[in-house]
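Visitor: Please walk me through this structure, one feature at a time. I would like the general idea first, then the case at hand.

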Amino acid sequence: MFRLQGSRTLAVDLAGDAVKAKNGSMVAYDGRMTFKKLTGGGDGLRGMVTRRLTGEQMTVMEVTGQGTCYFADRASEISLVSLHNDKLYVESSNLLCTDAGLRTGTTFTGLRGGATGNGLFTTTVEGTGQVAIMSDGSAVALRVSASYPLFVDPGAYIAHQGNVQQHFQTGVNFRTLIGEGSGESFQIRFEGEGLVYVQPSERNTIGGDV
């Protein structure tokens, strides 16, 4: 069971089962735990090769035991996402911990990934279980509906889930809308039905000040 201790520490209660977490993110534990580094961060050899080819690098450890294990990373804010036979798309740098039964992989993001500086691929987490994601500041889950598409600054994007399509747009951002933009600018337009997770802090992008 995943639960938050404050907003920046994840507590996971284990009863002989396992979780996968970002390597080095364990800050404390009680009971009996074993830790195993998983090469490549994907599921098996195929996942390892895919990540090496795509550049979506992520070092993961598997934690198994009886007791409670605590995870944190650089005092980042943590949010919990529940999956019910669906898929979460998340930047690898924002993924902290998943149930061991969830499948991880990569998917092509195209120009959106290139604009954010995170590469052309992003991490996928699929199945039924819990996921802990991180953000710089408290993350907000924004709903996308057929009637109301959502426009997101690439530097603020963390993850999304549901039946959502994303479209990369150049030449416009939130600052150009009010006449303060400079240089190349980008937006992501999300359409469909689902949730998009954003953080109140913008990471650096190759587009500069977006």
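Guide: Start with the aromatic rings. This is a predicted model. A search of the whole structure turns up 2 aromatic pairs.

Visitor: How many degrees lie between the planes of tyrosine 157 and phenylalanine 190, and how far apart are the ring centres?

Guide: The general idea comes first. An aromatic ring pair is described by the distance of the centres and the angle of the planes. Here the centres of tyrosine 157 and phenylalanine 190 are 5.8 Å apart, and the planes stand at 15 degrees. Planes under 30 degrees apart count as stacked, so this pair is stacked.

Visitor: Are tyrosine 157 and phenylalanine 190 buried or exposed?

Guide: Both tyrosine 157 and phenylalanine 190 are buried.

Visitor: Stay with S12. What does glycine 194 touch?

Guide: Glycine 194 lies in strand S12. The cut-off for buried is under 20% relative accessible area. Glycine 194 has 7% relative accessibility, so glycine 194 counts as buried. Leaving out residues up to four places away in sequence, glycine 194 touches Leu142, Arg143, Val144, Gln161, Gly162 and Val164. Glutamine 165 is 29 residues from glycine 194 along the chain, and their C-alpha atoms are separated by 9.5 Å.

Visitor: Now the overall layout. How many helices and strands are there?

Guide: The protein has 2 helices and 12 strands. From the N terminus, the order is β-β-β-α-β-β-β-β-α-β-β-β-β-β. Of its 210 residues, 45% count as buried. Take contacts with a separation of 6 or more: residues 24 or more positions apart account for 78% of them.

Visitor: How do I read a nonpolar core?

Guide: In soluble globular proteins, nonpolar side chains tend to be buried together. In this model the largest nonpolar core has 16 residues. Leu10, Val12, Val19, Val63, Phe71, Leu96 and Cys97 touch the most other members.

Visitor: Which strands supply at least two residues of this core?

Guide: Strand S2 (9–22), strand S4 (60–71), strand S6 (95–99) and strand S8 (121–135) each do. S2 gives the most, with 5 residues. Another core, of 13 residues, lies apart from this one, with Leu102, Val125, Ile133 and Ile158 among its members.

Visitor: What surrounds cysteine 97?

Guide: Set aside residues up to four places away in sequence. Cysteine 97 then touches Phe2, Leu10, Val12, Val19, Lys20, Ala21, Phe71, Gln130, Val131 and Ala132.

Visitor: And threonine 98: where is its place, and is it buried or exposed?

Guide: Threonine 98 sits in strand S6. Its relative accessible area is 2%, so threonine 98 is buried. Beyond its neighbours within four places in sequence, threonine 98 is in contact with Phe2, Val19, Lys20, Val125, Gln130 and Val131. Lysine 22 is 76 residues from threonine 98 in sequence, yet 9.3 Å away in space, C-alpha to C-alpha.

Visitor: Last, the largest pocket. Which residues lie nearest its centre?

Guide: Ser76, Ser93, Asn94, Ser135 and Asp136 do, out of 17 lining residues. The largest pocket holds about 300 Å³ of space. By class, its lining has 2 nonpolar, 7 polar and 8 charged residues.

Technical notes:
Residues are numbered from 1 along each chain as its sequence is written. This is a predicted model: local features need pLDDT of at least 70, side-chain atom pairs count only at pLDDT 80 or more; totals for chains, interfaces and linings use all residues. Side-chain values use heavy atoms; hydrogens and water are left out. On a 1 Å grid over the protein atoms alone, a cavity is a set of points where a 1.4 Å probe fits but cannot get out, and a pocket is an open set with protein on both sides within 12 Å along at least five of seven lines; lining residues have an atom within 4 Å of a point. Grid points are joined across faces, edges and corners, and a volume is the space filled by probe spheres set on the points. Ala, Val, Leu, Ile, Met, Phe, Trp, Tyr, Cys and Pro count as nonpolar, Asp, Glu, Lys and Arg as charged, and the others, Gly among them, as polar. Rings of Phe, Tyr and Trp (its six-membered ring) pair if their centres lie within 6.5 Å; planes under 30 degrees apart count as stacked, over 60 as edge-to-face and the rest as tilted. Buried means under 20% relative accessible area, exposed over 50%, partly exposed in between (1.4 Å probe, protein chains only). A nonpolar core is a set of buried Ala, Val, Leu, Ile, Met, Phe, Trp, Tyr and Cys residues joined through side-chain atoms within 4.5 Å. Helices (H or I, at least four residues) and strands (E, at least two) are DSSP runs, numbered from the N terminus. Contact means heavy atoms within 4.5 Å.
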